[in-house]
Amino acid sequence: MDKLNFIYPEIFISLSIMFLLILGVFKKNSSNLINNLSILTLIGTLVLIFNHPFNTNLNIFNGSYKIDFISSYMKILTILSGIFVLITSSKFLKIFKIFQIEYSILILCSILGMFVMISSNDLIVFYIGLELQSLSLYVLASFNRDNIKSSEAGLKYFVLSALSSGLLLYGCSLIYGFTGTTNFNEISNIINNNQYGLTFGIVFILAGLAFKISAVPFHMWAPDVYEGSPTSVTLFFAVAPKIAALTVFIRFLYVPFINVIEQWQLIIVFLSIASMVFGAIAAIGQKNLKRLIAYSSIGHMGYALAGLCTGTIEGVQSSILYISIYLVMNFGFFSCLFMLKRNNKYHEDIDDLSGLSKNHPLIALSLLIILFSLAGIPPLAGFFAKFYIFKAVLEQSMYYLAIIGLLSTVIAAFYYLRVVKIMYFDSEKEKFDTDYTLGLKFTLSLSTILILFYFIYPSKLVEIVSKINII
Amino acid sequence: MLAHTLFFYIFSFIAISSAIMVTASKNTVHSVLFLILDFITISCLFIMIGAEFLGMIMLIVYVGAVAVLFLFVVMMLNVAQQKKEWFSSNDSSKHIPVGVLISIIIFFELTVVIGGWRYKPDIVSSMSLPLNTDITNTHSIGKILYTDYIHLFQLSGMILLVAMIGAIVLTFRERSGLKRQSYFAQISRERSDSVELIDVPSKKGVDIDD
């Protein structure tokens, strides 16, 4: 057990969960304290990840748990999303009277699950991590239990997610049956091209994974769950599980099955095209901002998958860049949503934004920048994200994919710009409250600045991500 | 060997007949009791073939937890009095043909699967596997569960913790106005806290607030 120091982040976060739970149970009215301590826990975990060198590449627990550059990078992204969710959501939860100690503890639990998923190099480890993550998310989705929509969201997510877990496990059992091992590296040594059972296994696992990142045709849960859950949980849903699931996607496709790429490439291409097109078209008729962002996230996942289906390391890197920038844009967007509060009531319809530019010019400007970036208009960060993807796709001469992607970007620009039009040219409404918390202001300004000035120095992020080498 | 075979048949007979009684008995509580009998008999069968760990887990999990939970649910929902006869109510009679059809198909599929497995030419007999008979099942499961798979074992514990937190978050409601006994407050009460001597002025009386 001399390599135990490489899983210190996981150990630390588990011990903190138990400690915070005991503390929260014994100390009355300690929600605020637990929330702050959870943020500190996440910062401590971040430090522990930085503690071991990034270029390590080692397998522990008999090769079933992998610590390498991609796992460290994705874990950092997950932790950052956790920190931002916790610092932006405390006020929101207080107003809804659901600010309980369990909220931050469940977020920590699900981050632990994501860590396990990100580092997994084995089907069983991956599945256990997935379950740990999903179980916490089910509870978080129905956290506002007196609200019927929130309960519906939790139940819907639970039932459909259990179904997809079933598909995934069936795929795992097929792969185990045909190769005799669950370890990714050992599977890659054993497989050959004409095992049809193995292809079935890949398809089932891909279906289960596509469900977790809400790619079409496994997306039907996303809009309802996004709308029903408390907004802070929606923010968590929109970023963190996608990071973890995308990492598993990368590891699962590129470690054991890179040699049978012709078996899965078309599936990913289909998922990608369907998500891009559906995400763009279905969002047009939406009136609720949370549903809008749900469809937009479906579309964005389509672009991330487009990078994956190239089968090259550049494609993987472009996907990772995409998800990193997507994360920043979502933080900005949700911070704006948290600011739309009037008389202790949150507003989340697109019409509520009308005339925002007259009353709150700064919020309107930030939202404008974020929406332009989501639509992929240069020179904002969202443009670069799409640029990297299309570059990787074109290098593999998959022109049809790039063309469909570009066309759906144009369609998607319509509904983003419609929101901008409502903000800037429609008649103004009552003012919103302006008692923003420090964390909210900080998150919004940071994400807006990152999006706006990304083009000045884009090479740093590219340089970091280009160190990722999965194969 | 004869005793072994005899016991096998006895247990199998009890298992099958109690399984039939689960569906056939008119009282739901009796059904659950037969289910428990079925579980116990099957765990006996497991122990007979040498899988004592599986048998004991079966007893603990299915009999100890699941079946007792069923019993609670059945008794609380008060569905025990089903006086109507077997399959005779008008609602369910429409489902009988479909149910019979599906049962026949499942039976057919099982026959094919088991037949194909039994007569597969290159099947590996379980007797030929290199089993170490010196150590028990429990011992060998423990040997890999706490070494090679320790991380999975610990993570399963975390999953159970999350399930517990989730169940409490979603169902627990703190009732207001509830009077609870506080031992500490009771014990630490002093005479001076609660008894007060007052000089009552003549013809004025005293105010008693609480």
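**Getting to know the two chains**

Mentor: Let's start with chain B: of its 210 residues, 9% are buried. Keep in mind that this is a predicted model.

Trainee: How far apart are the C-alpha centres of domain 1 and domain 2 of chain B?
Mentor: The domain assignment gives chain B a domain 1 at 1-83 and a domain 2 at 135-169. Between the C-alpha centres of these two domains, the distance is 26 Å.

Trainee: Is B:Asp148 buried, exposed or partly exposed?
Mentor: Find B:Asp148 in the loop between α6 (137-145) and α7 (150-171) of chain B. A residue needs 20 or more other C-beta atoms within 10 Å to be buried, and 12 or fewer to be exposed. B:Asp148 has 13, so the label is partly exposed.

Trainee: How far apart in space are B:Asp148 and B:Val195?
Mentor: In sequence, B:Asp148 and B:Val195 are 47 residues apart. From C-alpha to C-alpha, the distance in space is 67 Å.

Trainee: Now for where the chains meet. Which element gives the largest share of the side of chain A that touches chain B?
Mentor: The contact involves 22 residues of chain A and 13 residues of chain B. On the chain A side, the elements giving two or more residues are α4 (101-119) and α5 (123-141). The largest share, 9 residues, comes from α5(A).

Trainee: And how many residues on that side of chain A are nonpolar?
Mentor: Sort the chain A residues that touch chain B by class. You find 3 charged and 5 polar, and the nonpolar count is 14.

Trainee: Are α3(A) and α10(A) roughly parallel or roughly antiparallel?
Mentor: Helix α3 (residues 69-95) and helix α10 (residues 231-254) of chain A have axes that come within 9 Å and cross at roughly 175°. Angles over 145 degrees fall in one class, so α3(A) and α10(A) are roughly antiparallel.

Trainee: How many charged residues are in the contact of α3(A) with α10(A)?
Mentor: Among the residues making the contact are A:Ile70, A:Val85 and A:Phe92 of α3(A), and A:Leu235, A:Phe236 and A:Ile243 of α10(A). By class, the contact has 12 nonpolar and 8 polar residues, and the number of charged ones is none.

Trainee: How do α13(A) and α18(A) sit to each other: roughly parallel or oblique?
Mentor: Helix α13 (residues 313-339) and helix α18 (residues 438-452) of chain A have axes that come within 8 Å, with a crossing at roughly 140°. The crossing of α13(A) past α18(A) is left-handed. Since roughly antiparallel needs over 145 degrees, the angle makes α13(A) to α18(A) oblique.

Trainee: How many nonpolar residues are in the contact of α13(A) with α18(A)?
Mentor: Among those meeting here are A:Val328 and A:Phe331 in α13(A), and A:Leu440 and A:Leu444 in α18(A). There are no charged residues and 5 polar ones, while the nonpolar number is 10.

Trainee: How many of the 8 residues of helix α9 of chain A are buried?
Mentor: Helix α9 (residues 221-228) of chain A is mostly covered. Its buried residues include A:Trp221, A:Tyr226 and A:Glu227, and what covers them includes α5, α6 (148-179), α10 and α12 (289-308) of chain A. The buried count for α9(A) is 7.

Trainee: Is the peptide bond from A:Val216 to A:Pro217 cis or trans?
Mentor: A:Pro217 is in the loop between α8 (196-212) and α9 of chain A. Omega for the bond from A:Val216 is near 5°, and the bond is cis.

Trainee: Is A:Asn29 buried or exposed?
Mentor: A:Asn29 sits in the loop between α1 (8-26) and α2 (31-51) of chain A, and its phi is positive, near 50°. With 9 C-beta neighbours inside 10 Å, A:Asn29 counts as exposed.

Terms used:
Residues numbered from 1 in each chain as written. Chains lettered and ligands numbered in written order. Predicted model: local features only at pLDDT ≥ 70, side-chain atom pairs only at ≥ 80, totals over all residues. Contact = placed C-beta atoms within 7 Å. Helix = DSSP H or I, 4+ residues; strand = E, 2+ residues; numbered from the N terminus. Nonpolar A, V, L, I, M, F, W, Y, C, P; charged D, E, K, R; others polar. Axes fitted to C-alpha atoms, helices over the stretch in contact; angles between N-to-C directions. Parallel < 35°, antiparallel > 145°, perpendicular 65-115°, else oblique. Domains from an automatic or database assignment. Left-handed = near helix turned anticlockwise from the far one by under 90°.
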